[in-house]
Each structure stands twice: as C-alpha cells, then as structure tokens.
Amino acid sequence: MDAAELVKQPPDVTENPYRKSGKEVSIGKQIPSPEEESACQFFFDINEKQGRKRSSTGRDSKSSSHSKQPRKPPQPPGPCWFCLASPEVEKHLVVNIGTHCYLALAKGGLSDDHVLILPIGHYQSVVELSAEVVEEVEKYKATLRQFFKSRGKRCVLFERNYKSHHLQLQVIPVPLSRCATDDIKDAFITQAQEQQIELLEIPEHSDIKQVAQPGAAYFYVELDTGEKLFHRIKKNFPLQFGREVLASEAILNIPDKSDWRQCQISKEEEETLARRFRKDFEPFDFTLDD
C-alpha cells in the first residue's frame with residue numbers, strides 16, 4: 001500500500017470532541033478564571049511579579065537588560081497617607097529613603113525620635129511583604145537598634161494590622177535607664193491580661209508569616225532581644241494598645257501621650273525634629289553605601 005492509503009480515514013470517522021483548536025488554546029491561557037482574577041486584584045497583582053525567574057545576581061531576568069527601570073511597587077486602590085509617591089504623604093516627616101522602604105518621624109510621636117519603618121509600595125502588613133522588602137525592613141531594624149544603642153536607648157517595635165491600610169512598623173526608643181527588656185515584656189503581658197488580650201510568645205527567630213495568614217488581623221511587638229509577642233485579633237482591639245503600654249508608668253511614664261492626637265506639634269517643630277534626626281542618623285545610614 002502506498003502512503004496515502006495508509007493515512008486515509010474510514011468514511012464513518014467523527015472528529016475528536018476533546019481536541020481544541022490552536023486559537024482556543026491560546027485564548028484559554030490568556031484569560032484567567034474569575035477566582036484567579038479576583039485574587040490578583042485583592043493582592044495588588046503580586047502573583048504577576050512573583051512569576052518571573054530571578055537571575056543569580058538577584059535581579060529579574062526580564063529586567064536585567066533594563067536595569068534602569070526597576071519593578072514598580074504595588075499601588076493603593078485609593079488615596080493613601082503612607083505610599084511615598086502619594087500626594088497625601090507629609091514629606092517633611094520623611095527622614096531616610098531606601099530602595100524598598102523609608103523612615104519617617106511618627107506624627108504625634110511618644111518621643112522626638114519615635115520613627116516608622118514604611119514600605120514605599122502599598123503593602124498592608126508585614127505578612128504581605130515581598131522577599132526584597134522584608135530584607136530591607138530587617139536592615140532598617142538592625143540599623144535602628146545600633147543607632148539607639150549608641151544613644152543609650154533600646155528600641156521596641158510593634159505593628160497593628162487592624163483598621164489600617166498601609167504597613168506602619170512603629171519603632172519607639174526607651175532609655176536604658178528607664179527599665180530592662182524584661183520589664184517591657186512584663187508590661188505588655190500584664191496590660192494584655194487586664195484587657196483580656198491573649199499575647200502569645202513566639203520563637204525568637206520565627207517569622208510572623210509562619211503564624212499569620214495574609215489578610216488576617218493581628219498585633220505583634222518585637223523586643224530588642226528579638227523576642228516577639230503576638231495576638232491574633234478576632235473581633236475588637238484597642239487601637240492605642242501599643243502606645244498605652246509604652247507610655248505607662250512602668251516604661252516611659254508619659255500616660256498623657258497614649259493617644260497620638262494629643263501629642264501633635266506644629267509643622268515647623270516637626271521639620272526641626274526631622275532635620276535633627278537626619279543629621280544624627282547619617283553615620284548609620286546604610287543607603288549611602290549603595
């Protein structure tokens with residue numbers, strides 16, 4: 001038999017109903033399911049940017065040929081007081097800017113050197129940060145500990161992921177002469193018990209991502225020893241809890257400053273404090289090495 005006879009189909013053969021045309025296949029790849037689409041929108045399309053492979057240099061292979069065009073950080077769905085590119089940000093409070101994060105003086109701070117570590121892009125909590133942002137957050141934390149230690153202080157960090165839209169990692173210095181780290185830890189545990197808040201101690205080198213899921217409400221405090229206390233918020237939570245504990249007699253003894261709205265000063269005074277902090281922090285500024 002010749003080749004034509006071998007491949008000829010019998011007259012009663014029907015088309016395979018499971019076979020898709022090339023056009024249909026390409027369309028199927030381009031259009032995500034409604035569930036996938038809504039998930040991407042909820043998490044600000046982080047799936048899109050995590051899909052690229054990274055080269056050995058740590059940069060995206062796609063952007064390696066365009067190194068002058070870094071990946072655009074996640075954008076907020078509406079106005080945000082803490083996204084650095086937002087017109088709502090009070091720029092005069094910004095004291096240091098890194099690649100993925102920046103430092104700003106806290107408005108109505110517990111002290112003149114109470115600062116915030118904030119992501120430049122729009123992330124709601126530590127749990128949702130990408131790897132490179134987490135790395136820089138840790139670098140800022142370590143640098144601030146060194147900075148405050150040189151000034152006779154230890155720092156306490158806390159985050160409240162509840163009724164907030166942009167991550168604010170509060171960094172509050174406490175003079176070494178005021179109290180020991182164990183005193184700070186005991187103050188948080190005692191006041192939590194009084195308000196029926198369950199604060200759990202989590203391992204020193206553990207990651208918050210191991211105990212909290214994206215989107216979950218929580219509060220956590222980190223001591224200068226690396227110890228962490230964590231509370232999973234299920235219903236209501238006192239918004240000023242972290243400040244109240246640190247302002248209490250047991251720690252800073254400034255109970256009248258537990259609410260930031262009672263501590264606001266003029267813009268001129270804020271500008272003066274920001275200039276002073278920038279100058280003092282400069283010897284520790286790792287961004288100058290880049």
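Student: Over which residues does pLDDT stay under 50?
Tutor: In this predicted model, pLDDT (the predictor's confidence in each residue, from 0 to 100) stays under 50 over residues 17-68. For that stretch the model has 25 contacts beyond four places in sequence, a contact being heavy atoms within 4.5 Å. Where pLDDT is low, the predicted coordinates should not be read in detail.

Student: What does the protein average in pLDDT?
Tutor: The average is 81, and 75% of the residues score at least 70. Local features need pLDDT of at least 70 and side-chain atom pairs count only at pLDDT 80 or more, whereas totals for chains, interfaces and linings use all residues. Residues are numbered from 1 along each chain as its sequence is written, and side-chain values use heavy atoms, with hydrogens and water left out.

Student: Turning to aromatics, how many aromatic pairs does a search of the whole structure find?
Tutor: The search finds 13 aromatic pairs. Rings of Phe, Tyr and Trp (its six-membered ring) pair if their centres lie within 6.5 Å; planes under 30 degrees apart count as stacked, over 60 as edge-to-face and the rest as tilted. One of the pairs is Phe147 with Phe281, which is edge-to-face at 5.5 Å centre to centre and 85 degrees between the planes.

Student: Which parts does that pair tie together?
Tutor: Phe147 lies in helix α5 (residues 131-149) and Phe281 in helix α8, so the pair ties together parts that are 134 residues apart in sequence. Helices here are DSSP runs (H or I, at least four residues), as are strands (E, at least two), numbered from the N terminus.

Student: Is Phe147 buried or exposed?
Tutor: Phe147 counts as buried at 2% relative accessibility, and Phe281 counts as buried at 1%. Buried means under 20% relative accessible area, exposed over 50%, and partly exposed in between (1.4 Å probe, protein chains only).

Student: And why is the pair of Tyr162 and Phe237 edge-to-face?
Tutor: The ring centres of Tyr162 and Phe237 are 6.5 Å apart and their planes are at 80 degrees, so this pair is edge-to-face. Both Tyr162 and Phe237 are buried. Ring pairs also link these two with Phe158, Phe188, Phe219 and Phe241 into a cluster.

Student: Next, where does Asp285 lie?
Tutor: Asp285 lies in the segment after α8 (267-281). The side chains of Asp285 and Thr287 are joined by a polar contact of 2.5 Å; such a contact is a pair of N or O atoms within 3.5 Å, and within protein one must be able to donate a hydrogen and the other to accept it, while residues adjacent in sequence count only if both atoms are side-chain atoms.

Student: What about Leu288, buried or exposed?
Tutor: Leu288 is exposed, with a relative accessible area of 54%.
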